[in-house]
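Open the model in your viewer and keep the selection tool at hand. The stops below say what to select next and what is there.

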Amino acid sequence: MPVTEKIGHLDTFPLLERKIDYLVLEWFETNKRILHKKTIGGKDISMKFLQDNPQFTIGDIVFADDTSIVVIDIREVEVIVVKPLDMQEMAAICYEIGNKHLPLFYQEEEILVAFEKPLFNFLQAAGYTVEKGMRKLTSPLKTTVEPHANSSSLFNRIMKLTTDQS
């Protein structure tokens, strides 16, 4: 079935005794504009978002009829979990991981990145407290790349928060 728009969210959509069928996405598929998948119930879904990036989150509804609705879920994956001690350590960790051009996630006071053994070893060797875990990566840090001359980068904003401005 073709899908070209999100039609709501599970929190606010009237279920009206409809059966919920989940479309499980990998974390890296949540911003794909064209995607062909099957729901858990076996429905073929063909998504085409040609104008806007869909930025799917858990609970987004992409299809509804009289008997069922198709709801987005995100698969849990193995991640590196870092719990920074303070804002300065957060800035340093984000900078180190950002230099490797890997997507970062911030959820429940934790920095998360999809697990890669070399990065895990690097962060441990650098003295950060890291652990492996299983999480649904749902809250990406918005880190658009800007020219270095622009002082409003994510790193500069975090560093401004950590410096004494008295």
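Select Trp27, Phe28 and Phe105: ring pairs link these three residues into a cluster. The model is predicted, so local features are reported only at pLDDT of at least 70 and side-chain atom pairs only at pLDDT 80 or more, while totals for chains, interfaces and linings use all residues. Residues are numbered from 1 along each chain as its sequence is written, and side-chain values use heavy atoms, with hydrogens and water left out.

Two rings of Phe, Tyr or Trp (its six-membered ring) pair if their centres lie within 6.5 Å; planes under 30 degrees apart count as stacked, over 60 as edge-to-face and the rest as tilted. By this rule there are four aromatic pairs. In one of them, the ring centres of Trp27 and Phe28 are 5.6 Å apart and the planes stand at 85°, so this pair is edge-to-face. Trp27 and Phe105 also form an edge-to-face pair, with centres 5.6 Å apart and planes at 85°. Trp27 sits in the loop between strand 3 (19–25) and strand 4 (34–38), and Phe105 belongs to strand 9 (residues 105–107), so their pair ties together parts that are 78 residues apart in sequence. Helices (H or I, at least four residues) and strands (E, at least two) are DSSP runs, numbered from the N terminus.

Phe28, at 43%, is partly exposed.

Next, select strand 6 (60–64). Four of the five residues in strand 6 are buried. Strands pair if DSSP finds at least two bridges between them. Strand 2 (residues 8–9) runs antiparallel to strand 6 and is joined to it by two bridges; on that side, Gly8 stands opposite Ile61. Three bridges join strand 6 to strand 7, also antiparallel, and there the bridge partner of Ile61 is Val71.

Follow the chain from strand 6 to strand 7: the two are joined by a hairpin through three residues. With 29% relative accessibility, Asp65 is partly exposed. A polar atom of the Asp65 side chain lies 2.7 Å from the backbone nitrogen of Ser68.

Move on to the nonpolar cores, each a set of buried Ala, Val, Leu, Ile, Met, Phe, Trp, Tyr and Cys residues joined through side-chain atoms within 4.5 Å. The largest has 15 residues, and Ile80, Val82, Ile97, Ile111, Leu123 and Val130 have the most contacts inside it. At least two residues of this core come from each of strand 8 (77–82), helix 1 (87–98), strand 10 (110–114) and helix 2 (117–125). Helix 1 gives the most, with four residues.

Centre the view on Leu123. Which residues does Leu123 contact, leaving aside its neighbours within four places in sequence? They are Ile80, Val82, Ile97, Tyr128 and Val130, where contact means heavy atoms within 4.5 Å. A second, separate core has twelve residues, including Val3, Leu25, Met47 and Val70.

How values were computed. Buried means under 20% relative accessible area, exposed over 50%, partly exposed in between (1.4 Å probe, protein chains only). A polar contact is a pair of N or O atoms within 3.5 Å; within protein, one must be able to donate a hydrogen and the other to accept it, and residues adjacent in sequence count only if both atoms are side-chain atoms.
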